[in-house]
Amino acid sequence: MNRNRWHMTLRPLRWGLLGLLLLALGCHDEGLLPPEPTGGALFARYVAIGNSITAGYQSGGINATLQQQAYPVLLARAMGTPFNLPLLRDPGCPPPLVNILTGERLGGLPEDFCAYRQVPPPRIINNVAVPGAKVIDVLTNLGEGTSANTLTLLLLGGRTQLEATAEAHPTFVSVWIGNNDVLGAAIAGNPALITPVNAFQQRYTQMLNELQAMGVQGGLLIGVANVTVIPHFSPGIAYAQAEQAGAFPPTFDVADNCATTGATALVPFSYAFGELLAAAMQGQSVTLDCVNDPRLLSPDETATLVQTVQQYNAFIQQQADRLGWAYLDPNVKLLELKNQGQIPIFPNVNSSEPFGPYFSLDGVHPSSAAHRLVAQEAAAAINAVYGTNLQVQ
Amino acid sequence: MRIATGAVLPRLRKRFLVGLCSLLLSLPALGQGFSLNPPGTCTLGRGGTGVAQPCADGSAVALNPAGLALVNRLAVASGATLYLSRGSFTDDYTQQETRLEEHPVLVPHLFAAVQAAPGLAVGFGAYMPYGLELRWPRTFAGSFVSYRTRVQTTYLQPTLAYRFSDRVMVGAGPVLAVSTVALWQQLDLSQQEALPGVPFAALGIPAGTAFANVKMESDEAYGLGGHVGMLIQVTDQFRIGLRYLSAITLNYTGTIRFSPLSTGLIIPATVELSGQTIPAGTPLDVVLASLGLFRSQGPLADRDAETELTMPAQFAAGFSWQATPELTLLFDYQWTGWGEFERLVIEPDGSDPIVRIQDYRNTHTLRTGLLFQASSILEVRLGYTYAQGAAPSKTVTPLLPDANRNLITLGTGWRLGRGVMLDLAYQYVRQDDRRGRVVDPAPGTEPTPALNSGLYQIGAHVASVTVSVSL
C-alpha cells in the first residue's frame, strides 16, 4: 500500500477518532452542583460553637422551638446557608419554665424530664453548642474542670464540639464561649470558681488553632458577657425597696445592710427567690444579709468578675485581630439596654416578662428578642470585616 | 437528669432485628453498571460490535451464535480482560470527595468452535456478561449501604450453528449461569432502636455511627437460559445479524456474618438508662457489648438468607458493511431487559419476606465499530458505545452508581503466524456524572431522589488480551 493510499484511507479514521474523543470526554454538568449560599462562598458551611445561649436555651429549658430562635439560626438564614440543628423533641429537655414563682414548666413536667432528640438526625450538625459548656468543654468532654452533661450526650453523642464541627468542614464559624467560665462563680458568689485567665487563654488558643487546622476561612468571635449586668442579679437595695413595698411575706426579712445607697452586694435571683423566698413561703424565717451572706456577690467580688471578663475579652479581641476575624463585644449592647432601663434592676414577678423583653424567665438567658439583636449585631460585625451584606430580618 | 424510664436493657436486643431488616434491604441490585462488554478482545477493540460480523476467534458464541457457522475448521481463543474502575462521590454540602478504591478485576474468557460437518459448527464459550466489583473506603458515608460489592456471573454456553445457504446462518445454545454475589456494609447504630420507639439517634448517637460490620456472601447459584442468533448475508458487502439471550433467574442462598466495630464514642456524662446508671467516661462499646448482640442466639448472630435475582434478557441487532476491501463499518443496537427488575424480594431466615422496589428501566445500547485491514498481518479497530443506565434517579447508590456511559475503544489484531492471532484492546469508559445518595430510605419507605446528596463521577479503564488459533 503506498503512502497516498494510507493517507486517504486513514482520513475517516482520524476524524472518527477525534469525534469519539469529544464524545467520551464530555463536560461537567453545572446543574449537578449544589447552589452557592446567597451570602457568598465564605458561608458555604457555617458552624456555631458555644454554650446555652448559642444552643437556644431559654427560661431554664430548651426545645425545638427555642433552638430555632437562636441567633446562629437567624445568622445562617441571612447567610443563605443550610444550618442543621440537633433538634430536641417537644416539650423539651428540660421543658422551659412558664412560671418563675411556682417553677412550673411547659406541659407541667418536672425539671428532670427529657423528651430526647428528634429523629432522623441530620448527617451534619451546624449548631454544636451545648448548654453549660465552658471553653474547656469545646475541647474535651472528660476530665477536671469539664462540665459535660446529659445535653452533651443528647446534642452531640459522645463527641466534643470541635469533633462535631470538624465533620461539617466549616468555612465559617462563630464562637461565643466563656460565659460559663465566670457565670458559675457569679451565681455561687464564689470568685474561686472563675476559670483563671491564663487557663482561659490557653484553651481558647487551642480551640482556635484546631479550627484553623480544619481549614476555616473566616469567623466571628463574640466576647464574654458581663454577667453582673444580667437581670438575674439585683442589688441588695432593690430587695430592701421590694420589702418596703410589701413584696415579701413577713417571714422574709431583708437586712438593713442591704438598704445602703452605696455599692452593695449583688443578689442572685436563683438564691433569693429559689431558696430564701421558697423557704419563707413555707413559714421558715429567713434573712437576706447583704454583707455576711457568702452566696451574694460582694462589691469586691463583682469587681473581680468584671475585671476577669475584661481580660477575657481583651484576649478574644486580640485573637480576632490576629486571625483577621470579626469580633463582637456583647457588653456594649448589654450596657446600653441596662442604661435604657430595658433590663430591670429587680424582676417584676407579675409581668409576663419579669426580666424585661430581652431576657427569658430564668433571668440569665437572652429572650428571642435578644437573639434577634445579637444576630443583627453579629451580622454588622461580620459585614464590617468581610465586606459582606448580611441582613438579619 | 433522667433520660429514660420503664424499659429494661434486655429489650434492646430484640430491637436490633430492625437493623437486620434494613441490612437485608441493601442486597446488591444489578444495573447497567454490572453489564460487562461483549466478551473477547477482538470484539472489545471494535467497541463491542459484531452481531452481524462476529470475530473469527469463536467469540461468536457470545456475540451471535449463528456466527459460529463462519468458522472454517477450528477456532480457539483464550484471554482475559482487566477492568479498573475509578471514581468518586462528592458530597453536596461538605464538598468532600471520597474516591473509589482502585481494585483491578480480571475477567477471563474462553471460546472454542469446530466445523463438525459442512455447514455445521459446534462450539463452547465461557464468559462473564455480568460482573465487577466496587470498593469504597469504610469511612465513606455510603458504607451503610455498601462499601464493597462483588457480582460474578459466568455463562457456560455450548452452541450449535448451521449454514442453511450462502445467505442464511442460524445458531443456538443453552446457557448455564453460575453466579455469586457478595456484599460488605456497616450498620449504623443511630438507626437501631435502643428502647421501644426510641432509636439511639434520639439519645444523641450521631448519624453514621458504625457499630457492626456485615459480610453477606452467597454460595454459587445456578440458572438455565438460552441464546439464539441469525445471520443474513444480504450482499457480498452487507450483512445483518440478530440475537436473543434469554433472562436467567438465579436463586441465591448465603450467609450473613456480623462482627462488632468500635464506635469510638464515650458517654460524656453519667446517665441513667432504663434504670441502670452508666457513669461518665464509659465507652459506648462497653454498653453495647453488655447486650450480647453478637452471641450465637443474639440478634446479630450469623444467619442464612435467600434471595432471587434475574440476569436480564438481551436482544441485539446489527449490520456490517465492507466499504472497501480494507475498511468495514459495524453498527449494533442492543436492548437489555432491566425493566423486569422492578422489585427485589428477600427472605431472611426466620422473618417475613422484604420487598424492595427498584423500578429499573430497560436500556438501549448503541455500538459502532470500524475495522481497518492495515496489512495482511495487522487489523486496526476502533469503536464507540453509548449505553443507557438502568437505575432511576432514586436508586443511584454506592452499590452501583449507575448512569449513561460513553465508551471509546482502540484495538488491534496481529497475525503472529499461520492461524495464530494476538488481539489487544483498550477501552476508556466515561460514565455521565450523576447525582445519587449514600443512605437508604427508612425501612418500609420507598427511596426518592430527595435522598440524593452528592455527585458520583465514575470511569474505568479496560484492557484486554487474547491469543487465538483459527484454522
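Q: Which residues of H4(A) are buried?
A: They are A:Tyr71, A:Pro72, A:Val73, A:Leu74, A:Leu75, A:Ala76, A:Ala78 and A:Met79. A residue counts as buried if 20 or more other C-beta atoms lie within 10 Å of its own, exposed if 12 or fewer, and partly exposed in between; C-beta atoms are placed from the backbone. The model is predicted: local features need pLDDT of at least 70, side-chain atom pairs count only at pLDDT 80 or more, and totals for chains, interfaces and linings use all residues. Residues are numbered from 1 along each chain as its sequence is written, while chains are lettered from A and ligands numbered from 1 in the order in which they are written.

Q: Why is H4 of chain A called largely enclosed by the rest of the structure?
A: H4 covers residues 71-79 of chain A, and eight of these nine are buried, so the helix is largely enclosed. Helices (H or I, at least four residues) and strands (E, at least two) are DSSP runs, numbered from the N terminus.

Q: What do the buried residues of H4(A) pack against?
A: They pack against strands E1 (46-50) and E2 (172-176), and against helices H2 (52-55) and H14 (368-386), in chain A. Contact means that the C-beta atoms of two residues, placed from the backbone, lie within 7 Å. Just after H4(A), A:Gly80 has a positive phi of about 70°.

Q: What makes A:Gln67 buried or exposed?
A: Count the neighbours. A:Gln67 has 23 other C-beta atoms within 10 Å, so A:Gln67 is buried. This residue sits in helix H3 (residues 64-67) of chain A. Leaving out residues up to four places away in sequence, A:Gln67 touches A:Ala55, A:Gly56, A:Ile62, A:Leu85, A:Leu87 and A:Leu88.

Q: What makes the phi of A:Ser59 worth a look?
A: Phi of A:Ser59 is near 50°, which is positive in a residue other than glycine. Most residues other than glycine have a negative phi, and most peptide bonds are trans. A:Ser59 lies in the loop between H2 and H3 of chain A. A:Ser59 has 24 other C-beta atoms within 10 Å, so A:Ser59 is buried.

Q: What is the phi of A:Tyr116, and is the residue buried or exposed?
A: Phi of A:Tyr116 is near 65°, again positive in a residue other than glycine. With 20 C-beta neighbours inside 10 Å, A:Tyr116 counts as buried. A:Tyr116 lies in the loop between H4 and H5 of chain A.

Q: Where are A:Pro91 and A:Pro120 placed?
A: A:Pro91 is in the loop between H4 and helix H5 (135-139) of chain A. A:Pro120 is also in the loop between H4 and H5 of chain A. A cis peptide bond joins A:Asp90 to A:Pro91, with omega about 10°. Another cis peptide bond joins A:Val119 to A:Pro120, with omega about 0°.

Q: Why are E1 and E8 of chain A said to stand at the edges?
A: Start with the sheet. It is open, with four strands in the order E1-E2-E3-E8 (chain A) and parallel pairing. E1 and E8 (326-328) each have a single partner strand, so one side of each is left without a neighbour in the sheet.

Q: How do you know that E3 and E8 of chain A pair?
A: Two strands pair if DSSP finds at least two bridges between them. Three bridges join E3 (residues 218-222) to E8(A), and the two strands run parallel. In E8(A), A:Ala326 is the bridge partner of A:Leu220.

Q: How many residues of domain 1 of chain A are in contact with domain 2 of chain A?
A: Eleven residues of domain 1 are in contact with eleven residues of domain 2. On the domain 1 side, helices H8 (180-188) and H12 (299-323) of chain A each give two or more residues. The bounds are 41-230 + 298-386 for domain 1 and 233-288 for domain 2; such bounds come from an automatic or database domain assignment.

Q: How many residues of chain B are in contact with chain A?
A: 42 residues of chain B are in contact with 41 residues of chain A. The chain B side has 27 nonpolar, eight polar and seven charged residues. Ala, Val, Leu, Ile, Met, Phe, Trp, Tyr, Cys and Pro count as nonpolar, Asp, Glu, Lys and Arg as charged, and the others, Gly among them, as polar.
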